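Please load the model in the viewer and keep the sequence panel open beside it.

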Amino acid sequence: MRDEDEFIIGPPNKLMLNLRELWDFRELFYFFSWRDIKVKYKQATLGILWVVLQPVLMMLIFTLFFGQIPGIQPEGIPYSVFTFSGLVFWNFFASCVTNAGNAMVSNASVIKKIYFPRLIIPVSAVLSASVDLLITWLLFIIYLFIKQVPLSSSLFFYWPLAFLLTLSATIGLGCWLSALMVKYRDFRFIVPFAIQIGFFVTPVVYPVSRITLPYVKYLVALNPMYGAINLFRQPIMPQTLLDMPLMIISIVSSVSLLIVGILYFKKTELFFADLA
């Protein structure tokens, strides 16, 4: 009997990101993202106007109630501008984490039928929300001109860096939660509650300089959005110096979320079709 070559077919390395495969399926990023955008605004009477109304109404409410508290006002800019600048990235982060967390369960029927890199699903949920971010960002720039708040040329450095940090934390946390929610459905109740808590431990409506207890500042800096929001505000608040130790903590937190989130997702993705 002639010896024959033996071929072993097995699953790929669970911890490999496989960028080549993601590139081969790059059109799916567009199709999933465009589908999510259409579903979001389908049968919505005000349509995309909701993207404008949400940050504006939140900014007005916080300015009306929190802006009157003595000592909470920031230095150098109106409180409404300060609040709006925090809402630009926070609303994007909160929306992406919620949508990406539910993405695997929402697409269970697709996952069971055909093969494609599962990482495309939570990342596409983030990409679809980028349209809302762009509109809110442009609206914020218009509001700066209305309030006559000058923009420093440092925006060409700080704003892209703030966006990258937000994207890192959002994709990482979104991938992690989407994998967890496949197995533990209770997370769909935990995530909205956690986002509400996260809002108040993020310097969106108050300057971190008003926090007097040092250990509380370090706890707040563990929030990955701390660094992104402070970097975003730097071009309109150049007189405020960044606290580098706190910034480093937040940046490390953001990058760590990206790594841990993707690694956990890749480790568990082989079971998605059975559990979804």
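Which residues in α7 meet which residues in α11? Select both helices: L165, S168, A169, I171, G172, L173, C175, W176, S178, A179 and L180 in α7 meet I251, S254, V255, L257, L258, G261, I262, Y264, F265 and T268 in α11, where contact means heavy atoms within 4.5 Å. The residues of this contact divide into 15 nonpolar, six polar and no charged; Ala, Val, Leu, Ile, Met, Phe, Trp, Tyr, Cys and Pro count as nonpolar, Asp, Glu, Lys and Arg as charged, and the others, Gly among them, as polar.

**Basis of the model**

This is a predicted model, in which local features need pLDDT of at least 70 and side-chain atom pairs count only at pLDDT 80 or more, while totals for chains, interfaces and linings use all residues. Residues are numbered from 1 along each chain as its sequence is written, and side-chain values use heavy atoms, with hydrogens and water left out.

**The α7 and α11 axes**

Remain with this pair and display the axes, which are lines fitted to C-alpha atoms over the stretch in contact, with angles running from 0 to 180 degrees between N-to-C directions. The axes of α7 (residues 155-183) and α11 (residues 244-268) come within 7 Å and cross at roughly 30 degrees. Their crossing is left-handed, meaning that the near helix is turned anticlockwise from the far one by less than a right angle.

**The whole chain**

Zoom out to the protein chain, whose secondary structure comes to twelve helices and zero strands; helices (H or I, at least four residues) and strands (E, at least two) are DSSP runs, numbered from the N terminus. The C-alpha atoms fill a box of roughly 90 × 45 × 35 Å along the principal axes. Of the 276 residues, 45% count as buried, that is, under 20% relative accessible area with a 1.4 Å probe, protein chains only. Among contacts with a separation of 6 or more, 81% join residues 24 or more positions apart.

**The nonpolar core**

Next select V81, W90, F140, F232 and I236, the residues with the most contacts inside the largest nonpolar core, which has 74 residues. Such a core is a set of buried Ala, Val, Leu, Ile, Met, Phe, Trp, Tyr and Cys residues joined through side-chain atoms within 4.5 Å. Helix α4 (residues 79-106) supplies the largest share of this core, 15 residues. Centre on W90: not counting residues up to four places away in sequence, W90 touches I195, G198, F199, T202, V204 and M225.

Move to I229 in helix α10 (residues 224-233), which is buried at 0% relative accessibility. Beyond four places in sequence, I229 is in contact with G86, T202, P203 and V204. I229 and T202 are 27 residues apart in sequence and 8.7 Å apart in space, C-alpha to C-alpha.

Then pick T136 in helix α6 (residues 120-146), buried with a relative accessible area of 7%. Leaving aside neighbours within four places in sequence, T136 is in contact with V51, P55, F84 and V88.

**The cysteines**

The structure holds zero disulfides.

Notes:
A disulfide is a pair of cysteine sulfur atoms within 2.5 Å. Buried means under 20% relative accessible area, exposed over 50%, partly exposed in between (1.4 Å probe, protein chains only).
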